[in-house]
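Please keep the sequence and the model in view while reading.

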Amino acid sequence: EMSAMEDPWSLVRLGLGSLAEESWRVKQAFREMPKAWKLRPPSGPSGSWWQEYEQTQTFDQFKRAVPFRPNTVSCIQVAVVGDEELIARQMNFDQVLKHVEVFTGFKVVQRGGIDHPMPRMRLSAAGQRTSMDGLPQIGGHYVLAFLQGFLDPRAACTLAVTPVDLYPPEQYDFVTGMMDPGDRLGLFSSARYFHQHEEAHRSSVVDIDGDSRELGLGAGFPQTPSVRSRRLELSKIFAKLLCRESLKLCGAKECHLLHCLMNPLPETDGQVLPEAIAHVPFSLCCICLRKLQWLTQADLLDRYARLPPVINSWFFEETQWLWERMVQVGMPTAVCLSIPEPTGSKFKFGLPKRRNGKKPEDGEDGDF
């Protein structure tokens, strides 16, 4: 017989941790795991499942790494650094934030506007320069320092998006994102995805008034069918990216046992391309799903039901998985919810009860 160290599902259950003290709804959300989640093939030369388990952060390890206690944070704070109109033309940013909100379970609060004002950052304070391939850049570390003045202690994390290319303090010519784990702060650039943003990005910095130059609107971003298609792809990528990085800022790490949003990103010719995140699913494995539930204290069965109306147009396969998963865990269907009797037997569904042997009059509420 296969030992526990060689059986991948035994290792998955070990990574999931004990459910003994959890409510029945949590246990129900994790029933029949082999039918719901798929194992990743071992990546090492030895093909060892134990090696994959050792590289996976377990639920118990996650609880020790979380930088805050559950129920002490209430939202994810999001900010746009630079031209919001250019971001809106590159991706459907409002829908991206809706995906982040329903996926993580945290309310998403966008900084900017009347309710949450945020000053614009001057390029003279952002270390503006030109990259080796001619793109205007700003220092990611300068932007992170600027954003530290707007951190909300009630936020699980703060995510910032910019259309301008970023460079780090040293070593690399550019980066697509930078994070400050201590402040749970992340900054991500859309400039390097698919290379179709190059011309729009070249004009995304306008000279306003000497040192008071600000990030401006790119003039050329024609709405051709191919560009519209790439706009959708970039929207889907950023929905995955912001969900994945928000979980990382909250203490979660990469997952190696099951197919999951937190899987290591695939390499192409020995390097990880910015759009590589498109190849991981927009869903969590059972181990990472329990981490998210512990963070938000949200009902996982309710989460199964809330996701499809939001994600179905962008992530059809994940939506189909959710419908199948709801059947597996025995969630109620539209038929059995049509005329329920919550206080009676679960098998008693039907027409309203009669009062004294009579049917309810028109306009009168009947008992269910």
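In this predicted model, strand β5 (residues 155-162) and strand β8 (residues 185-189) run parallel and are joined by five bridges. Across from Leu-159 stands Gly-186, a residue of β8. Strands of a sheet pair through backbone hydrogen bonds, either parallel or antiparallel.

Both strands belong to an open sheet of five strands, ordered β2-β1-β5-β8-β7, with mixed pairing. At its edges are β2 (107-110) and β7 (177-180), each of which pairs on one side only. From one strand to the next, the twist averages 20°.

| Helix | Strands it lies across | Angle |
|---|---|---|
| α7 (residues 93-104) | β1 (75-80), β2 and β5 | about 145° to β2 |
| α8 (residues 140-147) | β5, β7 and β8 | about 135° to β8 |

The report now turns to another helix. Helix α11 (residues 286-296) is mostly covered, and eleven of its eleven residues are buried. After α11 comes Gln-297, which has a positive phi, near 60°.

Aromatic rings form a further theme. Nine aromatic pairs are found in a search of the whole structure. How are the rings of Phe-59 and Trp-294 arranged? Their centres are 6.5 Å apart and their planes stand at 85°; because planes over 60 degrees apart count as edge-to-face, the pair is edge-to-face. This pair links distant parts of the chain, since Phe-59 is in helix α5 (residues 59-65) and Trp-294 is in helix α11, 235 residues apart. Phe-59 has a relative accessible area of 2% and is therefore buried. Trp-294, with a relative accessible area of 14%, is buried too. Elsewhere, ring pairs link Trp-37, Tyr-304 and Trp-321 into a cluster.

Rings also take part in arrangements with charged groups. The ring of Tyr-167 has the charged end of Arg-129 over it, 3.8 Å from the ring centre. Likewise, the charged end of Arg-192 sits over the ring of Phe-174, 3.8 Å from its centre.

Terms used. Residues numbered from 1 in each chain as written. Predicted model: local features only at pLDDT ≥ 70, side-chain atom pairs only at ≥ 80, totals over all residues. Heavy atoms only, no water. Buried < 20%, exposed > 50% of the residue type's maximum accessible area, 1.4 Å probe, protein only. Helix = DSSP H or I, 4+ residues; strand = E, 2+ residues; numbered from the N terminus. Phe/Tyr/Trp six-rings, centres within 6.5 Å; stacked < 30°, edge-to-face > 60°. Lys NZ or Arg CZ within 6 Å of the ring centre and 35° of its normal. Pairing = 2+ DSSP bridges. Axes fitted to C-alpha atoms, helices over the stretch in contact; angles between N-to-C directions. Contact = heavy atoms within 4.5 Å.
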